[in-house]
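Welcome to a short tour of one protein model. Keep the picture open while you read, and look up each place as it comes along.

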Amino acid sequence: MKETHKLAVSELRYTCNPEVFKFKNTAEIEPLDEVIGQERAVHAIDFGLNMNSPGYNIFVTGIEGTGRTTIVRDITSKYAQSLPTPCDWCMVNNFHDEYRPKAIPVPSGSAVLLSKQMNRLIHMLKSKLPKAFESASFREKSAQVQEKFQAEEKSLFQKLEQSAQQKNLVINKASSGYQTIPVQDGKPMTREAFQALSDQKRKKIEADMQALQAEMDTTLREINKIRQSMSKAMEKRMEETALFVVNDRMEYLKESYHECAEILDYLDEVQADIVENVEDFLPGQESAEQGAGMMFPADQPSFQKYKINVIADRRKAKGAPVVFEPNPTYHNVFGQIEKKAHMGGVTTDFTLVKSGSLLQADGGYLIMEIESLLINAVVWEALKRALQNKLLFIEDISAAHGYATSSLRPEPVPLEVKVILLGGYQPFEMLQNYDSKFNKIFKVRADFDHEVERTENSIQQYARFVARVCQRENLLPFTPQGVASLVEFGEKYTSNKNKLSIRFGPIVGIIKEADYWAGKDGAAEVSTAHVIKAFNEHRFRYNLYEEKIHESYLDGTILIDVKDKVVGQVNALAVYQMGDISFGRPSRITVETYMGKAGVVNIEREANMSGRTHDKGVLILSGYLGRTFAQNHPLNLSISVTFEQSYSGIDGDSASSTELYAILSSLSGFPIDQGIAVTGSVNQKGSIQAIGGANQKIEGFYDVCKTRGFTGSQGVMIPSANVKNLMLKKEVVDAVGRGEFHIYQVSAIEEGIQILTGKEAGTPNENGDFPEGTVFGNVQKKLKSYYEKELQIRKNLADS
């Protein structure tokens, strides 16, 4: 029976023949310029990049090391180069509301030039405007305007003075205003002389003074109107002069950007503000006493409002931008409004507005990792709003929460960007199930596979991939034997003889480390020995814990028997995972069976040390026992199952068949060969199902048997469904070839129990009875005796 289930050496490992490679080393072949085995993902990315409808952003899923980040950036960059370069963006002052600066689009690559042109314009106007107002022409025309209005003012004063003379009054200008004084003999009358006059004369003089005062008030109002008209005329003259000077210099800018409506509107606003505030460009005349004794000088006119803040510069861009944001904080993604210290406080203006990666990627593509993004919930919510509304708000993060202090709030920037998120399956499923907006915004999923079918083409692509890495990293070329070893490593990494791993991260690591060891040897090429050396050295750096566990088997700390035959005891196999390193080791399972109603008692479950999957596997055992042995009478049975010397949690159902073998051994009384370790899950029908980590489990038990000493009958029994996953290390394969170790495949409990006990499992007759001397026959006999004893006990209790 054992021989029919033994695996041949050829079934234990795939060996890549170096002769399939027709080169002396990888320097002779063309480096890989395509993607291996990611047709589904590449097709999805291409679809997402070409879809221009709203919501077709891309979410890339896949496990780490599949090259998804590199591939996405390469594909996106190549596609972006065929697109037009989007416009630059500038933040400028809003002359209608300084707290609401606005962003204006500028032709691609022209933003910095426009900023410099504006700076030169203002600098030029600082000298040109004063010269224009100091010119003879301006002075002459200004003097003409002043003379005209001064003549009108003088004429009114003359009329007023004539009226005063007729009334024997004189007008005197004092610091408090104009006064009327009576005249006597051509001289102002004194108070004493006025009091000496008769009442009649005094009343007449007072009446004349009141009449003249009324005339004076009317005249002064007319003079004020004349002065206001003169002021307006002078202002108009200054505006005309300023407009002539500014427009003459501004015309060139307007002509340069005549197709840009937003720039023209902005230049018109700048021109109007300069003309309105032309005094700021003229030299001030401060009185000697102004500022005397003050700590601070008087404020100087500020020209900051005319600056242009470049927030998106595409001078060096070719095609649409592709931005990868490794640290997607709120400020890095959306931008920020910086502050500067000023007199013990902080201040800001539109020139301190800084853009984030979202605006830098406008018109192109922004790539981010979802795990980093979800750390900041505010960023995720703000990103969804920006993509839905196609508007970017650059604001303080406190303003995003709704409780900001007074600050700038720039007008929103129109946004046209496609976001590509990279992440694992868990965040994708979480967002898809619990975020109602996610599916509306990210309608394209690109799923990266971690393995590809092993074909002649994929093997040759592996060689070209090695050539690419060697060329890019300036490494030594690989021989055909070295590439063949890497192909075998790719198969071992994916645990499937028919597939190759395309998790190129670890593979690139082995390529670099093999180059290092080849360099240490002074070799001109990287051979098989260097690849194996790199793999072994990498494992040696990480497997201290593995060796410590192995020592526990050698010194007897962990009890394990690999030679005897024992009833109700079997060696199960478990996998330990320590970062990138996983290894297998045996674990003893023992079973005790006795009369009772408890059924299968899982000690780990009772001690709260087992996971749900393991509990499910144990419960399945009851279904199998009932189906096989409780068709004629009920089970009167208690079973105690445990993993001996297990001090941490246990999960998984890969030992469920192992536990069942121990139960059948305990009930039948047939001992199990301890030299054969077992792995595999079982269903209620008794079929053996595939498990994970088959290679690690086999190699782990092999290591224990090797140190304990081979007997020639030791081995491991695995599910038939796992044969395709075998990629055992050469040492194990060689031991099997010498007959020191054996690998068995089984697909049913009946096959496995026969290999372990050397006894037939037994086939029931039409009455459901199993033959005597078989495993199932003994089990049935034991269970029947339990049932009959229970009936006898009940009868005795009833009689008493």
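## Salt bridges

Glu731 and Lys706 form a salt bridge, with their closest N and O atoms 2.6 Å apart. Glu731 sits in helix 25 (residues 730-737) and Lys706 in helix 24 (residues 694-708), so this pair ties together parts that are 25 residues apart in sequence. A salt bridge here is a side-chain nitrogen of Lys or Arg within 4 Å of a carboxyl oxygen of Asp or Glu. Side chains of opposite charge can pair when their charged atoms come close. Helices (H or I, at least four residues) and strands (E, at least two) are DSSP runs, numbered from the N terminus.

Before going on, please note that this is a predicted model, in which local features need pLDDT of at least 70 and side-chain atom pairs count only at pLDDT 80 or more, while totals for chains, interfaces and linings use all residues. Residues are numbered from 1 along each chain as its sequence is written, and side-chain values use heavy atoms, with hydrogens and water left out.

How many salt bridges does a search of the whole structure find? The search finds 30.

| Pair | Closest N and O atoms |
|---|---|
| Glu731 and Lys706 | 2.6 Å |
| Glu488 and Arg13 | 2.8 Å |
| Arg464 and Asp33 | 3.2 Å |

Take the pair Glu488 and Arg13, which forms a salt bridge. Glu488 belongs to helix 17 (residues 480-494) and Arg13 to the loop between helix 1 (2-5) and helix 2 (39-50), so the two tie together parts that are 475 residues apart in sequence. Buried means under 20% relative accessible area, exposed over 50%, and partly exposed in between (1.4 Å probe, protein chains only).

Now look at Arg464, which forms a salt bridge with Asp33. This pair also links distant parts of the chain: Arg464 is in helix 16 (residues 456-473), and Asp33 is in the loop between helix 1 and helix 2, 431 residues apart. Asp33 counts as exposed, at 61% relative accessibility. Back at the opening pair, Glu731 is partly exposed with a relative accessible area of 32%, and Lys706 is partly exposed with 43%.

Salt bridges can also join into a group. Arg539, Glu546, Arg585, Asp703 and Lys729 are linked in a network of them.

## The largest pocket

A pocket is found on a 1 Å grid over the protein atoms alone: it is an open set of points where a 1.4 Å probe fits, with protein on both sides within 12 Å along at least five of seven lines, and lining residues have an atom within 4 Å of a point. The largest pocket holds about 1600 Å³ of space. Grid points are joined across faces, edges and corners, and the volume is the space filled by probe spheres set on the points.

Several elements each supply at least two lining residues, including helix 17, helix 24, helix 25, strand 21 (569-578) and strand 22 (581-594).

## Strands side by side

Strand 21 and strand 22 pair in the antiparallel sense over 10 bridges; two strands pair if DSSP finds at least two bridges between them. Ala572 has Ser587 in strand 22 as its bridge partner. The hairpin of these strands has 2 residues between them, and Gly579 there takes a positive phi near 65°. Strand 21 also pairs with strand 26 (residues 676-678), in the parallel sense over 2 bridges, where Asn571 has Ala677 as its partner.

Elsewhere, strand 1 (residues 58-61) and strand 17 pair in the parallel sense over 4 bridges, and Thr61 stands opposite Asp447 in strand 17. Strand 17 (residues 444-447) has a covered face, Val444 and Ala446, and an uncovered one, Arg445 and Asp447.
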